[in-house]
Amino acid sequence: MIKLTSIVKSYTIGKEQVDVLKGIDLQIKQGEFTAIMGPSGSGKSTLMNIIGCLDRPTSGDYFLNGERVSDYDENALALVRNQSLGFVFQQFQLLPRLNALRNVELPLIYSGKPKKEREERAMEALNRVGLSDRMNHLPNELSGGQKQRVAIARAIVNNPKIILADEPTGALDSKTSVQIMDLFTMLNRDGTTVVLVTHEQEIAEYAERTVFVRDGKLIGEDESAEVSES
């Protein structure tokens, strides 16, 4: 499903070239729950952005569902993001003037779905994450955990095959983090591929597979490599 081959990502700062990713090779199969773990500055979020077609590699090949998306233009990448991927971010990324239902509808608007279908599917997604009683609330009327549930509902409303979550519990307390991770586990059991970026071991443990990143390189998998914040 996801295949990265010799992925390099570099930035030019002044006269200096900074290599953030240094030849990443990674495969993630359909239906896997994979955590990408590493300390701050390790390159894990850059790797997630490439997997999510939010950024392009400087070199290397990225295949998604058998298609070489690393060469797609911006319009083609936008279509992939809308139809195949769902995104969940640490800071929720909800539009403050839209209620929960309208926030969840957004990917369907971009897909050109009619209003009735949008509302029905958004209500179904909110019900799936346990927020059917909060659909008319604005983001500032919701707790942090409820905001993240709305974000998850928005991520799944287009029935994507892959959910990408970048530090989804970073802004939440421990109890709420458990509830959110239980949701990701439920989605994965229902057949959705989940790719999660985190620097927290207790969050990574929800995944069935963990890959470790440090200094722009994969350094191991599962619990065989140690990652510290030093």
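Predicted model: local features only at pLDDT ≥ 70, side-chain atom pairs only at ≥ 80, totals over all residues.
Residues are numbered from 1 along each chain as its sequence is written, and side-chain values use heavy atoms, with hydrogens and water left out.

**Figure 1. The ends of helix α3 (100–110).** Helices (H or I, at least four residues) and strands (E, at least two) are DSSP runs, numbered from the N terminus. Just after α3, Gly-112 has a positive phi of about 80°.

**Figure 2. Packing of helix α3.** Eight of the 11 residues of α3 are buried, so the helix is largely enclosed by the rest of the structure. Buried means under 20% relative accessible area, exposed over 50%, and partly exposed in between (1.4 Å probe, protein chains only). Among the buried residues are Leu-101, Val-104, Leu-106 and Leu-108. The buried residues pack against α2, α4 (115–128) and α5. Leu-95, in the loop between β6 (85–89) and α3, is partly exposed at 40% relative accessible area. Leaving aside residues up to four places away in sequence, Leu-95 touches Asn-103, Leu-106 and Pro-139; contact means heavy atoms within 4.5 Å.

**Figure 3. Salt bridges at Glu-105.** A salt bridge is a side-chain nitrogen of Lys or Arg within 4 Å of a carboxyl oxygen of Asp or Glu, and by this rule the count comes to 12. Glu-105 pairs with Arg-102, the closest N and O atoms being 2.5 Å apart. Both lie in α3, three residues apart, about one turn of the helix. An α-helix has 3.6 residues a turn, so residues three or four places apart point the same way. Glu-105 is buried, with a relative accessible area of 2%, whereas Arg-102 is partly exposed at 30%. Glu-105 also forms a salt bridge with Arg-118 (3.4 Å, N to O). This pair joins helix α3 to helix α4, its members 13 residues apart, and both are buried. Arg-102, Glu-105, Arg-118 and Glu-119 are linked in a network of salt bridges.

**Figure 4. The largest pocket.** About 410 Å³ of space lies in this pocket. On a 1 Å grid over the protein atoms alone, a pocket is an open set of points where a 1.4 Å probe fits, with protein on both sides within 12 Å along at least five of seven lines; lining residues have an atom within 4 Å of a point. Grid points are joined across faces, edges and corners, and the volume is the space filled by probe spheres set on the points. Of the 15 lining residues, Phe-87, Phe-89, Pro-107, Tyr-110 and Arg-154 lie nearest the centre. α2 (74–84), β6, α3 and α5 (144–156) each supply at least two lining residues, and β6 gives the largest share, four.
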